[in-house]
Every structure is written in structure tokens, then in C-alpha cells.
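Subject: Structure handover

Hi,

Here is the structure for you to look through. My notes follow below it.

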Amino acid sequence: MSAAGPPQGAKAPSGGSDPHEMGERGGPIYCGRFAPSPTGLLHAGSLAAALASWLDARAHGGTWLVRMEDTDTPRCLPGADTAILQQLSALGLVPDETPLYQSKRSAHYELALAGLLAQNQAYPCTCTRSDIERVLRASGSQRPRHGELVYPGTCRHRRFDLPSPPDCVISANQAIRLRTTGLAPIHWLDRRLGAQQQNVATEVGDFVLRRADGLWAYQLAVVVDDAAQGITHVVRGQDLADNTARQILLQQQLGLPTPHYLHVPLVLGADGHKLSKQNGAQALDVGQPLTALNAAARVLALPAQLGSATDALTTWTHIWADAWAANPPATA
Ligand SMILES: [Zn+2]
């Protein structure tokens, strides 16, 4: 897999080169991934996303990879990565290559960040959450967005490589933010949700690439790794759709290709929110593989199967392929 993307600044409508370019053997390249955080075992919700990405890869005759999103090391559970792989394997979902661990990829994230800093596309920020709230309150624009605040740009004047004003001492205790002002709104086409758009500069603001505690932000790690793994198709839960514009923006700033995106329905907990460990998701029982797979398939509007898990996966792969062949998503 190559991390090479189009030249810096190259922009297709979806933000990068066409991931449907032909492979060496003449067929379209397809590479998908399932990217769990090893903060616990798989539950019904995470299996639906895993199954969707596996089926999409198989239906396209492509490659399916697993990536452990373990950058948030304090939240990771020792051994959860192995347990997740065992759960997937018991269900017949086996990655085509050795899983990638984000915790071992710091050097690659450093390199991407250094490039952005060198071009002044990113800058250091020492604002605390209460600093940000105070500035927003003073300007009368206290608009929470999914619980996050639009960064008011307090540190935007700073450069990483220049001496800072005395009140902005560069230290290890600083976050790095992407400069989003002046960047055009992002338009993208989700294969299920349709045309999407977001003005990251006004709706999110300059977002964090590396946190003040030194941990890598999800957005940077995902974008660097999707490119490094040659991911052409991202298939994941709808709760992550909101991150897509930020990721496309970062791909553009880093000169990386933009994959196709498909956000699949979520499994909801009893409280109507996305099923998670916080609202009672149970670790998946893989002792009855077909039962677990049928539950995930129901979320994806696939018919329940009898017989073996292997046969069910084969049947769903055909249904999935036929559905997309009969109703191909328009290209952006
Ligand atoms: Zn700041």
C-alpha cells in the first residue's frame, strides 16, 4: 500500500483523486477497513459496522483490513484488541492483512503534523475549555455543536516556528489546531445519506490535531492511516458522518486522496441513543455466530438467514452486491 496522493492542492469535487482508478491487473482497486477502538469487546452496534464494511469489501471483490484505533491509550483496555480479533474471527470476519495499530504510528502522524506546521496550516494553542467558553460568551456566540464549541480563533495569530508573545509560551502543554479560515465549504456524497456539506471554518472552527496532553486527535490519525493503508471505501456507523468534512479537509491539506464514504444505520440502545457501553451494550456473544450476525444484518436491512454463518455471509454478500449494482450511487 502506498501513501502517495495527488499533488498538494489537487482538488476533485469530493476532495481528492478518484479512488476508483484501475489497479495493475485492470480491475478497480477496493480497500476497506473496520476500525474499532480497543476500549472493550465488540457489541451489537460495533458488529453492524464491521459486517457492513466486510460485506462491502467482499461485494466489490476488494480487500478488508482491520485497524485498531488505540491512540487514546488511557481509555484502551489491555487485551481488548486480541479479544476483538477473536470475536471477528469467530464470526467469519477475518482481515486480509495484519491489523494496524495506531499506537505504533506516531512517527507518521508527527510527519504529517510537521508538514502542516511548516506551511503554517496549523498552529499551537494553549486555550483551555473555559478560556474558549469565556471568549465565546464575551462575543455573544455561545453555540454548542454536538457538545463541542466552535473554536473562536484566539491563538490563530500564532506560528509554530516564530517566537510567541509572552502570553503564548510554546510548551509541551499545547494543542495543535488546523487553520480552517478561508477554506472552502466541503461537499461530499455519502453513498447512503446522499449529498452532504459542511463549512468546517464556521461550523466547527480550527480543530485539534494533537491534544495538549500529547495524544493524537482522531481526525489526524484516521486521515493519515486511511491514506497509508490505501483505503478507497470507508464504511462506518452514521454517528461518524459528522467527522467526514473535517477528514476531507485534512486530506486536501495533506495532499491525500479522498475515499468514498458510506455511513450505515446505528444500533440504538433502550434510551434511543447509539448503542454503547454507556447505555448497556453487552459484549457480543460469539458462541452463536449466526444469532449475532442475524442481529447485525437486521440493522443493515438484510434478511435473516438459517444454516451456517458462512452461508449467511455468502448470501448477504450477493444481496449487497446486487443492491449496489442495481442502484449505483451517483459520483460526486
Ligand atoms: Zn488557543
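Helices (H or I, at least four residues) and strands (E, at least two) are DSSP runs, numbered from the N terminus. This is a predicted model: local features need pLDDT of at least 70, side-chain atom pairs count only at pLDDT 80 or more, and totals for chains, interfaces and linings use all residues. Residue numbers start from 1 along each chain, as its sequence is written.

Start at helix α8. Just after α8, Ala 301 has a positive phi of about 60°. Within α8, the buried residues are Pro 289, Leu 290, Ala 292, Leu 293, Ala 296, Ala 297 and Val 299. Buried means that 20 or more other C-beta atoms, placed from the backbone, lie within 10 Å of the residue's own. These buried residues pack against α1, α2 (80–90) and α9 (309–326).

Now the α1 packing. Helix α1 (residues 44–59) packs on α8 (residues 289–299) at about 75°, with the axes 9 Å apart. Axes are lines fitted to C-alpha atoms over the stretch in contact, and angles run from 0 to 180 degrees between N-to-C directions. The two helices are therefore roughly perpendicular (65 to 115 degrees). From α1, Ala 44, Leu 47, Ala 48 and Leu 51 take part; they meet Ala 292, Leu 293, Ala 295, Ala 296, Ala 297 and Val 299 of α8. Contact means C-beta atoms, placed from the backbone, within 7 Å.

Last, a hairpin. Strands β8 and β9 form it, with 3 residues between them. β8 (residues 186–190) pairs with β9 (residues 194–198) in the antiparallel sense, over 5 bridges. Pairing takes at least two DSSP bridges. His 187 has Gln 197 in β9 as its bridge partner.

Best wishes

Conventions: Parallel < 35°, antiparallel > 145°, perpendicular 65-115°, else oblique. Contact = placed C-beta atoms within 7 Å. Buried ≥ 20, exposed ≤ 12 C-beta atoms within 10 Å, placed from the backbone.
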